Amino acid sequence: MILFIIILSFSLLLLIIAHDIYHKAGKRKGNMILGVFMTEEGFQNKSARRIIKGYQVIWQWWEITAIISLIPVLLVCKLYVSIGVFVFFIWCLLLLGGGQLIFNSFHRELYYLKQRNQWFYEKKLHLSIAADQVERLKEKRVLSDLSFIPIFLAGFIPLFYPECRAYLQKGSYHMIVILFPFVIDLIILGCFYHFVRKENGKKRDGKIQTAYIQMEQCYWSYGWVWAGAFNTVANLMLQWNLMNGERIFPVNIWSYALVQSVSVGILFYTWYRIKVKKEEIKFMDLQPKMVDDDEYWVQGYYDNPYDDRILVNDRIRIGSCINMGKSIGRKISFGSAIIMIMGVLGILILLFQIDFMPFQIFIQGDKVSIQTGGYDLDVPISEIKTVMIKENLRGVSYTKEDGKETERYLLGDFQIEGMGLCRTYIYKDKEEVLYIETEDKKIFFNTEKEEVVREVYERLKKD
């Protein structure tokens with residue numbers, strides 16, 4: 001319930017922030033609308049009004065869609081915390097990222113209309129800004145093809161370990177499980193080499209074509225390096241868990257899929273950025289023309305290499321934004337994004353372990369071991385004072401001290417009516433629970449296989 005309330009509150013806060021930012025962006029503020037400064041003639045133009053109206057309508061529908069789609073997100077949270085949080089992060093990304101894409105699209109359309117009609121609010125210089133941009137694109141640094149290969153091949157390291165070879169020899173199923181990610185790697189590697197041959201074979205006739213090819217090769221070279229890095233992390237994580245005897249389903253597959261999805265997402269984002277940049281380059285006019293400060297906001301963010309400031313006042317949001325035209329600005333933005341992605345992935349992997357790793361109980365030597373997704377416990381058999389089978393806690397009042405509660409299970413420390421503080425590992429839909437009491441601990445446990453509870457109970461009674 002607490003997680004439900006947190007997600008609901010955070011969702012409402014995001015909706016309010018997104019509405020305040022993107023709804024107001026479609027309203028005239030002085031001489032600016034959609035982040036574009038214009039003259040009065042521009043505001044009265046039918047084409048400009050059509051663009052502004054189109055933005056307002058699409059943003060309203062996007063907002064309504066986000067509100068409606070929030071309902072299933074909240075319902076999922078009550079059953080599976082991990083899937084609920086994962087879907088919630090996707091919802092946040094779509095709300096804010098989709099809003100930014102909608103804004104960028106209409107912002108550029110209005111800016112290019114303004115440029116064609118010379119509706120400059122504050123005229124600056126007769127400057128061939130496009131020619132200068134072309135020169136910057138031609139000078140973009142392209143990483144060597146070899147930069148991608150070592151990072152990518154690092155994912156194959158586990159194949160050289162004896163534990164991995166021993167795992168492969170367990171049978172055809174184990175061989176398929178451990179080699180499947182490497183088959184995906186080989187497919188990706190084949191696509192990479194196809195891309196390299198294709199790009200290196202392009203002609204470089206003319207300044208515009210040269211700039212475009214250089215831009216495309218630069219974007220792809222960095223995109224492949226980052227995609228390869230996340231792909232390698234996904235492979236190493238999966239193989240490490242398998243070689244250490246962890247269950248393959250469903251936790252490891254979910255963890256692998258989550259990290260690998262970042263790799264695929266990077267490639268799709270790179271493709272999208274190249275597509276947008278290609279359209280900009282295609283319509284570049286190398287002749288001198290009238291420009292104003294809007295030229296540096298055409299991407300939807302500030303990109304001015306001639307401005308030494310790292311932080312500038314944002315046009316549509318409250319506060320400041322980073323100047324992406326400076327190297328330090330790009331490093332700060334991309335570094336922050338990578339840290340955020342890794343943090344989110346770490347949280348999701350932990351939650352998936354808690355949700356999908358079944359409660360397990362073993363008698364190992366002189367102790368009882370309970371293993372879960374984060375609340376493992378070892379109890380010496382010699383310290384057990386009481387062991388019995390009880391009915392599940394239906395109808396019994398309890399409050400959470402430290403742990404997690406969903407519609408499926410109770411996990412962690414709970415204050416139970418008439419019992420005090422107890423460590424609980426309970427699936428709510430099971431009829432029986434194993435109760436173990438020591439000098440300082442009270443433990444309730446059951447598992448998806450009810451016969452396991454009986455087996456452990458019988459063994460402990462004999463001991």
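This briefing covers the strand pairings, helices and nonpolar cores of one structure. The model is predicted. Its largest nonpolar core has 85 residues, and helix α4 (residues 81-117) gives the most to this core, with 12 residues. Three strands, in the order β7-β8-β9, form an open antiparallel sheet. A further set of pairings links β12 with β13 and β13 with β15.

**Nonpolar cores**

- Within the largest core, the residues with the most contacts are Leu34, Tyr55, Trp91, Tyr425 and Leu460.
- Another core, of nine residues, lies apart from the largest one; Leu393, Leu410, Cys422 and Phe444 are among its members.
- Leaving aside neighbours within four places in sequence, Leu460 is in contact with Ile363, Val368, Ile381, Ile384, Val387 and Ile436.

- The edge strands are β7 (360-364) and β9 (377-380), and each of them pairs on one side only.
- Strand β8 (residues 367-371) runs antiparallel to β7, and five bridges join the two.
- Gln360 has Gln371 in β8 as its bridge partner.
- On average, and with direction ignored, neighbouring strands of the sheet are turned by 20° against each other.
- Helix α12 (residues 450-462) packs on this sheet and touches β7 and β8. The direction of α12 makes about 25° with that of β7.

- Strands β12 (residues 409-416) and β13 (residues 420-427) pair in the antiparallel sense over eight bridges.
- Gln415 stands opposite Leu421 in β13.
- Three residues lie between the strands of the β12 and β13 hairpin, where Gly418 takes a positive phi near 80°.
- The pairing of β13 with strand β15 (residues 442-445) is parallel and has three bridges.
- Thr424 has Phe444 in β15 as its bridge partner, and Phe444 is also one of the nine residues of the separate core.
- In general, strands of a sheet pair through backbone hydrogen bonds, either parallel or antiparallel.

**Helix α11**

- Helix α11 (residues 327-356) has 30 residues.
- From its first C-alpha to its last, α11 reaches 43 Å, close to the 44 Å expected at 1.5 Å a residue.
- The buried residues in α11 are Gly329, Ser333, Leu345, Leu348, Ile349, Leu351, Phe352, Ile354, Asp355 and Phe356.
- An α-helix has 3.6 residues a turn, so residues three or four places apart point the same way.

Key:
Residues are numbered from 1 along each chain as its sequence is written. This is a predicted model: local features need pLDDT of at least 70, side-chain atom pairs count only at pLDDT 80 or more; totals for chains, interfaces and linings use all residues. Side-chain values use heavy atoms; hydrogens and water are left out. Two strands pair if DSSP finds at least two bridges between them. Helices (H or I, at least four residues) and strands (E, at least two) are DSSP runs, numbered from the N terminus. The expected span of a helix is 1.5 Å times one less than its number of residues. Buried means under 20% relative accessible area, exposed over 50%, partly exposed in between (1.4 Å probe, protein chains only). A nonpolar core is a set of buried Ala, Val, Leu, Ile, Met, Phe, Trp, Tyr and Cys residues joined through side-chain atoms within 4.5 Å. Contact means heavy atoms within 4.5 Å. Axes are lines fitted to C-alpha atoms, for helices over the stretch in contact, and angles run from 0 to 180 degrees between N-to-C directions.
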